Amino acid sequence: AKARGGNRFEMADPELDQRAITRHGLTTALPAALERGEFFIEYQPLVHMGDGRVHGAEALVRWSHPQHGILGPDQFIPLAEHTGLIVPLGRWVLQEAVRQACDWQQHRTEGAPLRINVNLSPAQLQHPGLVKDTVAVLERAGLEPGALCLEVTESALIGADEGLLKPLRQLAELGVDIALDDFGTGYSNLANLRRLPVSVLKLDRSFTKGMQQAPVDPVDLKIVEGIVSLAHSLELAVTVEGVETGVQADQLRELGCDTAQGWYYARPGPPDQLHALSLADAI
Ligand code: C2E
Ligand code: CA
Ligand code: CA
Ligand code: CA
């Protein structure tokens, strides 16, 4: 803001203006930030509900900004999406997460390889190099396609035509799992699920919020029960997001959810945290 003086002015909404400046500043800083290596990934465990063991992780990107500190993806992914930088940024996340998964793999003496889940934004989905790039990343690292799961939001696939689905179909045929992320927030036609090349349904946190404490709303239970049974009848595995309490975990296990993710088990953290948790009998 300008110093006090003759032509001092008042901003109509200083907060809004500050946000705009920041947004503009962040947007223009994105490409250099990628070059300078200011992004890093935290990993949040995916827990098998049957035995309580960690069988994989979701990669969640963060930006260590030299002035603003650590920024969450909600603060910059939409900007990167808007400018197209999400394509190289997303490629970096994929490459780094796959490399990390191989690293864990080398330190595991038993059990199936840890799975790695990576988020894919709509612009990446539309990018013609998606299949080729993904295959190249897997081959270079030596990770089997079956250990990778790409998460695509429900809203990105609503009304998707064959052109948009084709690369996902190709990846699925290669053995990569496709998860429908934030399921339940996009009002998609349930019957539509059948034509999507997805093998995992990630139930949005909003569905399970009402189950945090007993007594749990019986209507909430019925809804989740219905979704789980529909998913299973379509041969989709169900992952629940945002599990914050033991009450939730118990209910969701009883309802037949396959995998869980949330603060109750662990917050997103550095690679070492994930590795340590993956060695535990149950978390
Ligand atoms: P998402 O894919 O739905 O990821 C889950 C978000 O929920 C993460 O937020 C995670 O930290 C948070 N979370 C996990 N467990 C709990 C819980 O028990 N309670 C609550 N309240 N929250 C929980 P985060 O890391 O801030 O990521 C936000 C979103 O940013 C992600 O939502 C995803 O859509 C996007 N994102 C993150 N990394 C990437 C990326 O590499 N590429 C793209 N395209 N998007 C990304
Ligand atoms: Ca996700
Ligand atoms: Ca999600
Ligand atoms: Ca969500």
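## Calcium sites and helix H5

Aspartate 182 bridges two calcium ions, ligand 4 and ligand 3, which lie 3.3 Å apart. Aspartate 182 sits in strand E6 (residues 177-183), and its partner aspartate 204, 22 residues away, in the loop between strand E7 (200-203) and helix H8 (218-233). Helices (H or I, at least four residues) and strands (E, at least two) are DSSP runs numbered from the N terminus.

The model is predicted: local features need pLDDT of at least 70, side-chain atom pairs pLDDT 80 or more, while totals for chains, interfaces and linings use all residues. Residues are numbered from 1 along each chain as written, chains are lettered from A and ligands numbered from 1 in written order, and side-chain values use heavy atoms, without hydrogens and water.

Donors are N, O and S atoms within 2.8 Å of the metal (3.2 Å for Na, K and Ca); water is not among the atoms, so sites may look incomplete.

| Calcium ion | Protein donors | Distance | Spacing |
|---|---|---|---|
| ligand 2 | Glu58 (OE), Asn119 (OD1), Glu151 (OE), Asp181 (OD) | 2.1 to 2.3 Å | E-x60-N-x31-E-x29-D |
| ligand 4 | Asp182 (OD), Asp204 (OD), Glu241 (OE) | 2.5 to 2.7 Å | D-x21-D-x36-E |

Aspartate 181 bridges the calcium ions ligand 2 and ligand 3, 3.7 Å apart.

Buried means under 20% relative accessible area, exposed over 50%, partly exposed in between (1.4 Å probe, protein chains only). Aspartate 182 is partly exposed because its relative accessibility is 24%, whereas aspartate 204, at 12%, is buried. Glutamate 58 and glutamate 151 are buried.

In helix H5 (residues 130-141), the buried residues are Leu130, Val131, Asp133, Thr134, Val137 and Leu138. Glycine 142, with a positive phi near 80°, follows H5.
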